[in-house]
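Mentor: Please look through the entry below. We will then go over it by question and answer.

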Amino acid sequence: MSAEAVVEVRGLVKRFGDLEVLKGIDLKVREGETVVLLGVSGSGKSTLLRCINFMETPTEGRVFESGKLVGTEKNGRMVYRERELCALRTRIGMVFQHFNLFPHMTALQNVMEGQTTVLRESREAAEKNAIEQLRRVGLEDKAFEYPARLSGGQKQRVAIARALSMNPRVMLFDEVTSALDPELVGEVLKAIRQLADEGMTMIIVTHELGFAYHVADRVLFLDGGEIIEQGPPAEILVKPETRRAKEFLEGHSLFKLPD
Amino acid sequence: MNYQWDFQTVWENFDVLWIGLIGTLKIFSVTVVLGLFGGLIVGMGRYARPIWIRGPASIFVEFFRNTPVLVQIIWFYFALPILVPINVSPFLAAVLGISLNTAAFSAEIYRGGIQSIEPGQWEAAKAIGMNYAQTMRRIILPQAIKRMLPPLTNRGIEAFKMSTLASVVAYVETLNQAKLIASLNFNPIETYSVVAFAFFVILYPLVQATYVLERMFGKSD
């Protein structure tokens, strides 16, 4: 594991009108690291994720990608160019809670789209890579199906393949199993876990504590827009120090700590 | 029911009706193109952020949606030449009235079609690095057009039928010619029956063609 931070945020603040969702977050994610963000809804974990690939523009603070500052500073304020952000997003993959597959395209076309339209790769190269990515999530036999004919778990795995097809340096997962039927959660988590084993750098927002326990290198606990606790899952999930973290874990009665 | 139907006099004057049909097709082809393209521009305008684009576009839509086309055509023909020094032909007056009305209604179809696409589609496109134009062209419009096709077909049908309103300023189209035949031969019932049938014969295949288009767009369902 190298020391270089793939993603770093410093003093990140996000306000929606009067509402301050993030109150100065500092976070460094090293190459190959899997970071899991936990917290009750409204704690700011999704917003933090969305600020990293600029789906939301941070109100204050800096974001660095592979050591490079995103945007330029002008009179003490950050200015972001659309072109720079589009390029940045090709290097930061994101998977959403509701899959958001393109319904007018087959699974294969979904995975090819970013490569051909954004990266301007040839159809042949894009198709070859797309099939490879679909194989990676175990769906090469569904390549020619439209999303309407796929199950929720399959859709989400296609969405993962679509993000992977851009060959990103880091992957962001925003509650990707929350909209799935319980019996379909496993196949998606398995695909993510496999990525972790392959050494992919990942930041994951999830409510699956068992999964967090097994896959995370580090767990961050967010509350009221601040990181109140962080560390290895065996410490944070087993003996949390803060009252808020304890309450949160007790609320998830399904999570049984391993002995 | 002892009315004696007599289509003989209509067929004898079919060349008069034929000239009218040509006029109808002429005005339809111009108004449907101007109306649907104008509507696309106005619809995008209503979707734009700056108020100086959005404002006038909204006023345009509301004004032309809520005034009768017949009155507009008469107004363009008689009142417009008083206000601006141009010669307004019956054709121009009718084209203005029908095109602007079609544009106003179709603008709402375009705007609604684009807005009906889930925000998640914009997000997913953004997340793989697409810019606004790429997202619109590759992701949003292909889905939106599929939803817009049935209401746009309706606008096309309406534009075709509205062409008969051009007869009010004596433009030579089907209804105008039918009036002529009817008044010369005292056979309005037969003449207008033929006119109605002629409209059906032209419109029905056109509508069928759009169903084929809809199926082509709908293959992913």
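**Strands, burial and salt bridges**

Trainee: Over how many bridges do strand E8 (residues 92-95) of chain A and E9(A) pair?

Mentor: This is a predicted model, in which local features need pLDDT of at least 70, side-chain atom pairs count only at pLDDT 80 or more, totals for chains, interfaces and linings use all residues, and side-chain values use heavy atoms without hydrogens or water. Residues are numbered from 1 along each chain as its sequence is written, chains are lettered from A and ligands numbered from 1 in written order. Strands (DSSP runs of E, at least two residues) and helices (H or I, at least four) are numbered from the N terminus, and two strands pair if DSSP finds at least two bridges between them. E8(A) and E9(A) run parallel, and the number of bridges between them is 4.

Trainee: Through which helix does the chain cross from E9(A) to E10(A)?

Mentor: The β-α-β crossover is right-handed: with the strands pointing away from the viewer, the path from the first strand over the helix to the second runs clockwise. The helix on this path, residues 182-197 of chain A, is H6.

Trainee: How many of the 5 residues of strand E9 (residues 170-174) of chain A are buried?

Mentor: Buried means under 20% relative accessible area, exposed over 50%, and partly exposed in between (1.4 Å probe, protein chains only). In a regular strand the side chains alternate between the two faces of the sheet. A:Val170, A:Leu172 and A:Asp174 point one way, A:Met171 and A:Phe173 the other, and all are buried. E9(A) is therefore largely enclosed by the rest of the structure, the count of buried residues being 5 of the 5.

Trainee: Are B:Glu108 and B:Arg46 buried or exposed?

Mentor: B:Glu108 and B:Arg46 form a salt bridge at 2.4 Å between the closest N and O atoms. B:Glu108 is in helix H6 (residues 90-115) and B:Arg46 in helix H2 (residues 14-47) of chain B, so the pair ties together parts 62 residues apart in sequence. As for accessibility, B:Glu108 and B:Arg46 are buried.

Trainee: What is the relative accessible area of B:Ile128?

Mentor: B:Ile128 is found in the loop between helix H7 (119-127) and helix H8 (132-162) of chain B. Its contacts (heavy atoms within 4.5 Å), leaving aside neighbours within four places in sequence, include A:Phe102, A:Val118 and A:Met166. B:Ile128 counts as buried, with a relative accessible area of 5%.

How values were computed:
Salt bridge = Lys/Arg side-chain N within 4 Å of Asp/Glu carboxyl O.
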